[in-house]
Amino acid sequence: MFTNTFWSLVPAIIAIGLALITKEVYSSLFIGIIAGGLLCSGFSFSGMLQQVFPDGMIAQLSDGWNVGILIFLVVLGSIVMIMNRAGGSAAFGKWSVEHVKTKMGAQLATILLGVLIFIDDYFNCLTVGSVMRPLTDKHKISREKLAYLIDATAAPVCIIAPISSWAAAVTGFVDGANGLTLFVRAIPYNFYAFLTIVMMITLTVRDMDFGPMKLAELNKKLQDDNTNEKKEQASITGAEEQPNPPVSNKGKVIHLVLPIVTLIVTCVIGMIYTGGFFEGESFVDAFSNSDASVGLVYGSVTALVITMIFMIATKVLSFKECMNAVPEGFVSMVPAILILTFAWTLKSMTDVLGAKEYVAGIVENVAGNHALMSMLPAIVFVVGTFLAFATGTSWGTFGILIPIVVNVFGADLNNELMIIAISACMAGAVCGDHCSPISDTTIMASAGAQCNHIGHVSTQLPYALTAAAVSFVAYIISGFVRNWFICLPIGIVMMVVTILVIGRVEAVRKSA
């Protein structure tokens, strides 16, 4: 009765709506899960319990991929805690303040690091957050802004990087054509990814914010001013608090840099290992065939061992202090783990209810209308955005929409409109993922920045929707022009002009 209909989207709509209204994510997700369980079971109480717990939450926590991601989270949390206890983060904060003099420089450095770590979005979110938090805190950049910079350089960068876990996922969904060739050809038409990067840089260079993000930045400045005043008073009275447990005063920048570099190297090796690189596969093929979840576990555990050995060898921490930091790192990741568990369970409800099949049917009907063919990229972009927003999964959106588009055009790589439409699938999926409170990547960005999750979602949403609106117009143009040399520059100009107009409106409103 409820499967393959609009009702299949209702649990996600309830959860997302409640989260945005109440600003409380745990209960909102759980209520959405209960609604999904009731719909799946035909409003049977015992059936609902079965759907929510054994078939939902327990099944998701038993899934090998999900368990791998949770282990990676815990291990990374432990590495970060060891770096903090060793004084590496504090030393990096002091060094960065001396070398990165401005707030704009701190944000540009965060963007650059996010762009450079294009291997995997989970890895990107948590690594960039761990490295850049000391620097952005010193320059009074809000955690919400840091979370936005992390999130906007995670999926949007991975989706235009030929060597990434996302490229591997996309190529796996293409039957009847060379998936990697198609992915590479679609890159210049991925307007949302490019325009998001352009938007970040423009906002940073102009030192501009709008909407809830502007308020978050003002609040951060006020909080830091109050904190500095209290610290001055405490130092005068001699009542200044010491961190508990204490941070080593022997820490240097190398005690942050070496663990992070080690983590990057070992995770890349772990991923290509799972793809058969050491069994004769080429680097590209090994990466395309890699199991990111398992590879990240191999890499992070290896990096944790090396980090502990390095800290003990340089005598900044004892073995006991390193081991005490491990469960502390686990505790720091509990909010992200809880939100991920609920989000995965909610996704399982929408899968059982046939949300993807329902949306796929809509797209097939649109694609069958030849009069709408030139508008197909723009329509696919909107549908992909909505599906990824409602289900919280980019890869699931790829899996549904890309085969439909390929079938419509018969896997003809010479058909430029097919390339544009497939790029619109990817862009829409990333856009919806970027906006959704139940998206893995959004949750990871909040965890990486150590930011309130709903605070991150509500401040990022106006920025993501602005880039989405400009991308939609660019896809309308590309459906008729069908040349990225023309369409991409037009999209970039529209994005910059849009930011300038918003800035002018904000200035007028402030002076009024």
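Twelve names to find here: Ile-254, Val-257, Val-261, Val-265, Ile-269, Tyr-273, Phe-277, Phe-278, Phe-283, Val-284, Val-294 and Tyr-298 make a nonpolar surface patch of about 980 Å². Keep in mind that this is a predicted model.

Where does the patch come from? The elements giving two or more residues to it are helix 14 (254-274), helix 15 (283-288) and helix 16 (292-313). Helix 14 gives the most, with 6 residues. Take Ile-254, which lies in helix 14. Ile-254 has a relative accessible area of 41%, so it counts as partly exposed.

Now go inside. Find Tyr-192, in helix 12 (residues 191-205). Is Tyr-192 buried or exposed? Its relative accessibility is 0%, so Tyr-192 is buried. What does Tyr-192 touch, leaving out residues up to four places away in sequence? The list is Phe-381, Ala-427, Val-430, Cys-431, His-434, Ala-464, Ala-467, Ala-468 and Ser-471. Pick Ala-468 from that list. Tyr-192 and Ala-468 are 276 residues apart in sequence. In space, their C-alpha atoms are 6.3 Å apart.

Next, charges. How many salt bridges does a search of the whole structure find? The count is 9. I'll walk through some.

Begin with Arg-85 and Glu-328, whose closest N and O atoms are 3.2 Å apart. This pair links distant parts of the chain: Arg-85 sits in helix 4 (residues 64-86), Glu-328 in helix 17 (residues 319-332), and they are 243 residues apart. Arg-85 is buried, at 17% relative accessibility. The cut-off for buried is under 20%. Glu-328, at 25%, is partly exposed.

On to Glu-217 and Lys-103. Their side chains meet in a salt bridge, 2.8 Å from N to O. Glu-217 is in helix 13 (residues 212-237) and Lys-103 is in helix 6 (residues 103-116), so this bridge ties together parts 114 residues apart in sequence. Glu-217 is buried, with a relative accessible area of 7%. Lys-103 is partly exposed, at 26%.

Then Arg-185 and Glu-416. This salt bridge spans 3.0 Å, N to O.

Last stop. Find them in the structure, and we're done.

How values were computed:
Residues numbered from 1 in each chain as written. Predicted model: local features only at pLDDT ≥ 70, side-chain atom pairs only at ≥ 80, totals over all residues. Heavy atoms only, no water. Patch = residues over 30% accessible without salt bridge, like charges linked within 9 Å, V, L, I, M, F, W, Y side chains within 5 Å. Areas by Shrake-Rupley, 256 points an atom, 1.4 Å probe, with all protein chains shown as cover. Salt bridge = Lys/Arg side-chain N within 4 Å of Asp/Glu carboxyl O. Helix = DSSP H or I, 4+ residues; strand = E, 2+ residues; numbered from the N terminus. Buried < 20%, exposed > 50% of the residue type's maximum accessible area, 1.4 Å probe, protein only. Contact = heavy atoms within 4.5 Å.
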